[in-house]
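Please read them with the structure open.

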Amino acid sequence: MGHKLLQMTFCLWAITCLLLPSPSVGLSRITLKKQRLDLQGIKAARIAMHGEDMLHNFGSSDGEVMPLKNYLDAQYYGVIGIGSPPQNFTVIFDTGSSNLWVPSSKCYFSIACYFHSKYKSSRSSTYTKIGKSCEINYGSGSISGFLSQDNVKVGGLVVKDQVFIEATREGSLTFALAKFDGILGLGFQEISVGNATPVWYNMLNQDLVREDVFSFWLNRDPLAQVGGEIVFGGVDPKHYKGKHTYVPVSRKGYWQFDMGDFLIGNHSTGVCETGCAAIVDSGTSLLAGPTTVVAEINQAIGARGVVSAECKEVVSQYGDLIWQLLVSGVLPDKVCTQIGLCPLKGVQSMSTGIETVVDKKNMEGLSAGDKVLCTACEMTVIWIQSQLRQKETKDRVLNYVNELCESLPSPMGESAIDCAKISEMPHITFTIGDKPFKLTPEQYVLKTGEDITTVCLSGFTALDVPPPRGPLWILGDVFMGVYHTVFDYGNLEIGFAEAA
C-alpha cells in the first residue's frame, strides 16, 4: 500500500512539473562580442548630440532576453531577424525612438547601405507590401524610405505582421561608419513615424511576454564578453542589487520623468532645484544636460573645451552690475534685459541659452555677436545666482564664473581630462524620486587607449532644450551602465537600481 502511495505521489509530482511553466520559458540568452572604446566613436557621439535636433524630430526574469553588444562603450546592439526565413540585422534597442528600420535592398544611392545588411522582401514568404513613404530625423542624421510589413524575430519571440521602415536613404556618414544596421525603437507610439505600432506594443498585443515590462542591463566592463542584456517581459534579479526606485512617466513619447536637484560634490547647481525633465535614452551614449551645468562640471573635474571670449567679456564688463541687480532682488530672467544685452521681450530661455520659436522674431534685430553676448549673459546670471545661494563673496564668485568661461564645452569636440587626477574629482549626483543617484569619477569619465596612449574624456556633453520641454537631461548609457533600468509600461513607471 505504501509502495503504491509513493508511486502515485511521484506520478502526481511529475505531472505537476510538466504543467507548471519553466522559469526559463521565454528566455533566450545569446552571447555577443563587444568592441572596445574608441576616441573617434566618442567624438561621433558628441557630434550626434549637436545635430539639428537631438530629440528625434518626428513628424523575475520570466521574459525574453536579448543580449546587447557594447560598441565603443556607446552603442549597445543585438541581432534580430526579419522575414521568413529570418534575415538577420544588428540593431540598437533605442528607448529614445519608436520605429523599427533597417536598410532596404532598394537602397541604391547611400553609401551606408553598402556597408550593412539589406532587407530583401522577395526572399520572405510573410512579407506584405505597404509602400507609404516616411522619414526620420535623428541628431546624427536622417533616414527615409517606405513602410513594409513582415514577421520580426527577437530572441526566441516572433512578432507577426510588424510594420517597419525599409530605409532607401541614410543621409549621414555616421550611419556608414556605424557597426549597426538599423534601430529598433522602444519608445511610445506617440512619437512613432507613420503611427506604426512599435515592436514592444505588438509583443504585448500578441501575448508574447508575461509582464508589461522590459529592462536594461548594460555591462560597462571593457573586458567582459557580454555587452549587456535587455529582458522583454520581466526583470532578471541577477542584474541588480537592492530595490528599484520608481518614478512615474511624466510625458508619453520618450521615457520621460521629473528629476530633482543636481549636485556636483555636495553642492547644488540650482538648475534643477525646482525640477527638470529627464529622458532615459539607451540610444544615447553620453549624459547630456544644459550648457551652464556641463560647464560647471567641466570646471570641477578639470576638463577643458573652448575658451569663450564673449563669456569672459560679459564677466569683465558686467559682472559687478549683474551681482548688484541680483542682490537687489531683480528677477534672474530680467537681468540681461535691464543691462541691455538681451531683447526686451521674448528673452532667450534662462535655462538653455538658445532661442525658442517665439523668441526668434525678437532676436532677428540682433547681430550674431550680440546674440552670443546675450547667451553669455544669461549663463553668467545662472552661475552667479547659484553662487549667491552659497553666500560666497563677490570677488570669489566673479573669479569662479571667469573660470567657468574657460570650461564651456566644445560643441563638436571632446573635453579632455587628466587621467592621473580622476581620484580627486567630485561625485556627480542626480536626485530621482527624492533619492540620490551618484556617479563616481570612474563611472562618468570615459577612457580610450591603453598605458601611455590612454586618453580620458568627460562623459558629459551640452544639450540645450528650451521651455516648455526644457531644461532637459538625457540619461544615456553612462548612467544606465551604473543603474539597472526597468521600463514598466503597465504602470507607466521607470525604475532604477544599482547594477550588479
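1. Buried here means under 20% relative accessible area, exposed over 50%, and partly exposed in between (1.4 Å probe, protein chains only). The model is predicted, so local features need pLDDT of at least 70 and side-chain atom pairs count only at pLDDT 80 or more, while totals for chains, interfaces and linings use all residues. Residues are numbered from 1 along each chain as its sequence is written, and side-chain values use heavy atoms, with hydrogens and water left out.

2. Disulfides. The structure holds five of them, a disulfide being a pair of cysteine sulfur atoms within 2.5 Å. One joins Cys336 to Cys377, with the sulfur atoms 2.1 Å apart; the torsion about the S-S bond is -100°, and the link is left-handed. Cys336 lies in helix H7 (residues 332-339) and Cys377 in helix H9 (residues 368-389), so this pair ties together parts that are 41 residues apart in sequence. Helices (H or I, at least four residues) and strands (E, at least two) are DSSP runs, numbered from the N terminus. Cys377 is buried at 0% relative accessibility, and Cys336 is buried at 2%.

3. Cys342 sits in the loop between H7 and helix H8 (360-363) and Cys374 in helix H9, so the parts tied together are 32 residues apart in sequence. Both cysteines, Cys342 and Cys374, are buried.

4. Cys107 and Cys113 are also joined by a disulfide, S to S 2.0 Å. The torsion about their S-S bond is about 85°, so the disulfide is right-handed. Cys107 has 0% relative accessibility and counts as buried; Cys113 is likewise buried at 0%.

5. Annotated site. The unreviewed UniProt entry places the feature "active site" at Asp94 and Asp281; UniProt positions are given in the numbering used here, feature names are shortened, and annotations may be inferred rather than shown by experiment. The two positions are spread over 188 residues of sequence but cluster in space, with a largest C-alpha distance of 6.7 Å. Asp94 lies in strand E3 (residues 87-94) and is buried at 3% relative accessible area. Asp281 is in the loop between strand E15 (276-280) and strand E16 (287-289), and is buried at 4%.

6. Which side chain does the side chain of Asp94 contact? Its polar contact is with the side chain of Ser97, at 2.8 Å. The side chain of Asp281 reaches the backbone nitrogen of Gly96 at 3.3 Å. A polar contact is a pair of N or O atoms within 3.5 Å; within protein, one must be able to donate a hydrogen and the other to accept it, and residues adjacent in sequence count only if both atoms are side-chain atoms.

7. Helix H5 (residues 291-301) is mostly covered, with 10 of its 11 residues buried. Among the buried residues are Glu296, Asn298 and Gln299.

8. Sheet. Three strands form an open sheet in the order E17-E21-E20, with antiparallel pairing; two strands pair if DSSP finds at least two bridges between them. Four bridges join E20 to strand E21 (residues 455-458), and the bridge partner of Leu446 in E21 is Leu457.
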